[in-house]
Amino acid sequence: MSEFVSFKIDGKQCMGRAGEYITEAAERNSIYIPTLCNYKDTAPKASCRVCTVKVNGRVMTSCTTPLQEGMEIENETAEIQDIRSGIIELLFAEGNHLCPSCEKSGSCELQALGYRFRMMVPRFPYLFPVREIDASHPRLIKDHNRCILCKRCVRVMKDEKGRSFFAFYKRGAKLEITVAPELADKITDEVAQKAMDVCPTGALLRKRQGWDVPVGKRLFDMKPIGSEFEQVK
Amino acid sequence: MSKAVVATTSMAGCFGCHMSFLDIDERILDLIELVEFNKSPINDIKHFTKQCDIGLLEGGCANSENVEVLKEFRKHCKILVSVGECALMGGLPAMRNGLPIKECIDEAYLNAPTTKNCNPNRILPNDDELPMLLDRVYPCHEIVKIDYFLPGCPPRADLIWNALYALVTGDELKLPYEVFKYD
């Protein structure tokens, strides 16, 4: 049995279970900590660092930090918000994120975080990297321009034997996701759809279907990302 | 109080941001009470006739003429505002940024389905009067200092109106979630 511990987020008294991750505990206390690479029911990776908080004065990722008694967590301070906004801006500057021409626009989590932080323009110069769109798979499009290398698809998309459909390929600045060749045939329309839903940006797209949700009804058109946690009081 | 003077232009853009600006509906009557326009496609004044308070920029810089216009705006406007995705990051024209210029020109004038069979002498535009294409499309703030940014493709009419109103009156900018979009 896990014991209950009390902790504070921005001075608000909260309760949680010892050892659970700070992001989960915060959600149950109706506090949203922005995450990007994190995905429900999947082991955290802490690759994006968007969930950065200050725990007892030290900067940490809340998705991988287990909860302890008496933690004093800073979440919505100006300093932390600036760090997070900076990370989002870096991601926008690093890839080719052309929101107007992206099928995922409106339901994209990276974009939704940009909205949440009211990012007008990245503070960093755009890199305009030259990357390819790989549409060789019969059911799936990979657009490396939009990939933020969060590894969500690698961690979540697995077949019945637990093998990943996707993998990292190459190294360093050339790192990209690839479809595992021996499992490529097993990617059905349903798997492609799930991969598209799992991807936080528009890097993975199901073929022959898109733009099917009208503007105004997409995930983040009217409500900011994370508002579902904040509304529960 | 004298009215604020506003100038607008469309560089490597599609005029969509100007259309969105006109989408303020009946507030256009408030607008003419609030500002007067100088160089702008809205009143068809081609050249600056005086110093302006606010310059609204649509589109990024794709050729030498765009750069010239942008520098002219910086010289004549106290405040410059980048309006729309193209001004902010190059937008759709910036999709050519990874390609060599020769490939773009060949595609447009020699190989495209609509030009393939009607350009037998393989003529490429090459006249001193024509502005030169830049090596890539540049966001406005990489060429001159830009003071404010309004994202969107196009920015919602309410966003442009709120920003212009806040700039002219000195009020705080209203930024509701629904009007702040990148698409």
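Predicted model: local features only at pLDDT ≥ 70, side-chain atom pairs only at ≥ 80, totals over all residues.

Biologist: Next, sheets. In what order do the strands of the chain B sheet lie?

Modeller: First the idea: strands of a sheet pair through backbone hydrogen bonds, either parallel or antiparallel. Two strands count as paired if DSSP finds at least two bridges between them. In chain B, 5 strands make an open sheet, ordered β2-β1-β3-β5-β7, with parallel pairing. β2 (35–37) and β7 (148–150) of chain B are the edge strands, each with a single partner, so one side of each has no neighbour in the sheet. From one strand to the next, the twist averages 30°; axes are lines fitted to C-alpha atoms, for helices over the stretch in contact, and angles run from 0 to 180 degrees between N-to-C directions.

Biologist: Where can I see the bridges themselves?

Modeller: Start at strand β1 (residues 4–10) of chain B, which pairs with β2(B) over 3 bridges; B:Ala4 has B:Val35 as its bridge partner there. β1(B) is also joined to β3(B) by 5 bridges, with B:Val6 partnered by B:Ile54. Then 6 bridges link β3(B) to β5(B), and B:Leu56 is the partner of B:Val81.

Biologist: How many residues of β3(B) are buried?

Modeller: 6 of its 7, so β3(B) is largely enclosed by the rest of the structure. A residue is buried if 20 or more other C-beta atoms lie within 10 Å of its own, exposed if 12 or fewer, and partly exposed in between, with C-beta atoms placed from the backbone. Helix α3 (residues 64–76) of chain B lies across β1, β3 (52–58) and β5 (77–83) of that chain, at about 135° to β5(B).

Biologist: What about the chain A sheet: what is its strand order?

Modeller: The order is β2-β1-β5-β3-β4, again 5 strands in an open sheet, and the pairing is mixed. At the edges you'll find β2 (12–17) and β4 (58–61) of chain A, each with a single partner strand, so one side of each is left without a neighbour in the sheet. For an antiparallel case, follow the 4 bridges between β3(A) and β4(A); A:Val55 has A:Arg58 as its bridge partner. α2(A) packs on this sheet, touching β3 and β5 (72–74) of chain A, and makes about 150° with β3(A).

Biologist: How do I read the sides of a helix?

Modeller: An α-helix has 3.6 residues a turn, so residues three or four places apart point the same way. In α2(A), the buried residues are A:Arg84, A:Ser85, A:Ile88, A:Leu91 and A:Phe92. They cover an arc of only 115° around the axis (taken from the directions from the helix axis to the C-beta atoms), which puts them on the same side of α2(A). The face turned away from that side carries the exposed A:Ala78, A:Glu79 and A:Asp82. The buried residues of α2(A) pack against β3 (52–55) and α3 of chain A.

Biologist: Is α3(A) largely enclosed or open, and why?

Modeller: Enclosed, because 7 of the 8 residues of helix α3 (residues 109–116) of chain A are buried. Among them are A:Leu110 and A:Leu113.

Biologist: Last one: what do β8(A) and β9(A) form?

Modeller: A hairpin, with 6 residues between the strands. In the turn, A:Lys170 has a positive phi of about 65°. Strand β8 (residues 166–169) of chain A runs antiparallel to β9(A), with 4 bridges, and A:Phe168 is partnered by A:Ile177.

How values were computed
Residues numbered from 1 in each chain as written. Chains lettered and ligands numbered in written order. Helix = DSSP H or I, 4+ residues; strand = E, 2+ residues; numbered from the N terminus. Contact = placed C-beta atoms within 7 Å.
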